[in-house]
Amino acid sequence: MCGIVGYVGKNKNALHVLIDGLKALEYRGYDSAGIAVINDDKIKIVKSHGKIKNLEEKLNEVDNSYIGIGHTRWATHGKPTEVNAHPHKAGSVTLVHNGIIENYEELKKDLRKQGYKFKSETDTEIACALIDSIYKTSNNKLLTLKKANEMIKGSFAFGIIFDNDINNIYSMRKDSPLIIALGDNENYIASDVPAILSFTNKYILLDSNEYAVISEDKIDIYDNNLNLINKDIKEYEGTKEVVMKNGYEHFMLKEIHDEPKVIENTFKQFIKNNDINELIDNMPDLSKYDNIDIVACGSAYHAGLIGKSLIEKFADIPVNVELASEYRYKKNFNNEKTLTILVSQSGETADTLAALRKAKQNGTYTLGIINVVGSSIAREADSVLYIKAGCEIAVATTKAYLAQVLILSLITINKAISNNNISKEKAKLILEDLKKLPNMIDDLIKEKEKFEIIAKNIYKDNNIFFIGRGVDYAISMEGSLKLKEISYINSQAYAAGELKHGTISLIENGTPVVAVVTDENIAEKTISNIKETKARGANVILITTQKLNEKYGDSDFYDQKIVIPNISEFFTPILAIVPLQLIAYEVAKLRGENIDQPRNLAKSVTVE
Ligand code: M6R
């Protein structure tokens, strides 16, 4: 999604800060970029379509500056063109914007009547004109911003420079993230921490309906009544390393290699000494709830499906997994006996945030499983379990997904113990397996050659199927999403038992079918379904466990296979996804695609 950076100070050239910051935000996905800086006391705007290097090529048009705002745009209203790129200027106001102004058509009509003319197709230019028009009559900047906030429906984070106040950046936000970062006699704004990590790790989180005036030596923040307020200064724990590839060809590959450490960091929050009682003390108590809703989008939704499978099987609580974009507009059958779990890496996904608010309105207790500390969902949920994935840059999530599944597994183990569904002795063995999990992931990652061979075998195909039953179906869905989002191959996941109800008609000679068979209880049934595809010429790639391989591996129902080590059922889905992530990666690489920033996608989907 869009990215914002702003700088004010005399220690650095604002142009360099803006470009460096925008580059650090490239991972969010964008299709045009622009900056506005003050040169010779006047605002100068440079914008370009496409990548930041196009913008850089045009920057000789402007000189050094001490203040500026920059933006990467991911098109929502209007095509990805230079005219539609930010910053926009109307009258005395220059502005960059993240979010969506929902009532922009209505505002546009009024502004046209006042004589405003618009060059772009964007909602942002309307917001810019609105602020200018209010300012013309109020002549008070903070009152202007407050009034604009009242008039705008939708979400926004703004960085603003007024023509008659060229030493200050103004900011306000509602439902789109914005931070203000602190330097030494210099300050910054940014939509996300990585943008400022080259310069500082100290920052303030601006909340919705707050306003900020930022100069080189002062940051004033006001609440919605325009009273000056004090805000906590936070320190980002990570270093700039997290936004660097560290020698890997792509962030996605680096992040897959981070997985063993992420798994360890995640479970060590709850279990340091391998003592089951620690887990019981540190996990939420589910005994109060009759049912659970898990609400999320994309891969986080797939993690929720694994959670459902585990919780229902081992903890005996019915679980309803919903796509947040559907949940927010449908009738929900929840009450005070429902626990609503929101799963989100970014903690800023607009649909998941809206679902959280709806669940809270209905009086249900909300639990976030979140990566980004201090994100909107993390702050608004009644409680949070953090995954410790660190900064995830590649648009295709890998390490964060694994950690989400791990948290859901730990929640289940805890509840299964308290239900007496598993004994404490059995739980100890499960924890022994948990300790082995990071090394097992590491060993799987090392099987690089196997993934390359499979990738060579399928990368020219146009249609690839993923099949499985039960938890293996949920794993297949994630495997299929990973492949399609980065390789652009049409791939679909199907419940293996459903094939003969329609989909099997698509299988022809050589069609790749990736079959996930890890669940012992249903393995034979899935293998029958695989044989049905094989009989019709499918090129079957089997993902299975050591144990099932010993039992069924000699048969001839597959063409290639990856065998994952035996581990407790709670952690098999974590191991099974690793080969699928790496196969997707190798396929996309062979096809020469932009692996870290696939077309049309954004890392954090902050618009509906
Ligand atoms: O930040 P979130 O976890 O809420 O994001 C949810 C989805 O947008 C995300 O998982 C998306 O599906 C990824 N691109 C998948 O790799």
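Rings of Phe, Tyr and Trp (its six-membered ring) are paired if their centres lie within 6.5 Å, with planes under 30 degrees apart counted as stacked, over 60 as edge-to-face and the rest as tilted. The rings of F557 and Y558 are edge-to-face, because their planes stand at 85 degrees, with the centres 5.2 Å apart. F557 is buried at a relative accessible area of 3%, and Y558 is buried at 16%; buried means under 20% relative accessible area, exposed over 50% and partly exposed in between (1.4 Å probe, protein chains only). F570 and F571 form a tilted pair, 6.5 Å centre to centre and with 55 degrees between the planes. F570 is buried at 1% relative accessibility, and F571 is buried at 0%. Ring pairs also link Y7, Y188 and F199 into a cluster.

Local features in this predicted model need pLDDT of at least 70, and side-chain atom pairs count only at pLDDT 80 or more, whereas totals for chains, interfaces and linings use all residues. Residues are numbered from 1 along each chain as its sequence is written, and side-chain values use heavy atoms, with hydrogens and water left out.

Two lysines lie over tyrosine rings. A charge is taken to sit over a ring if NZ of Lys or CZ of Arg is within 6 Å of the ring centre and within 35 degrees of the ring normal. K10 lies over the face of Y66 at 5.9 Å from the ring centre, and K51 over the face of Y30 at 4.4 Å.

The ligand is surrounded by 14 residues (a heavy atom within 4 Å). The closest are S344, Q345, S346, T349 and E485. The protein covers 91% of the 410 Å² of accessible area that the ligand has on its own (Shrake-Rupley method, 1.4 Å probe).
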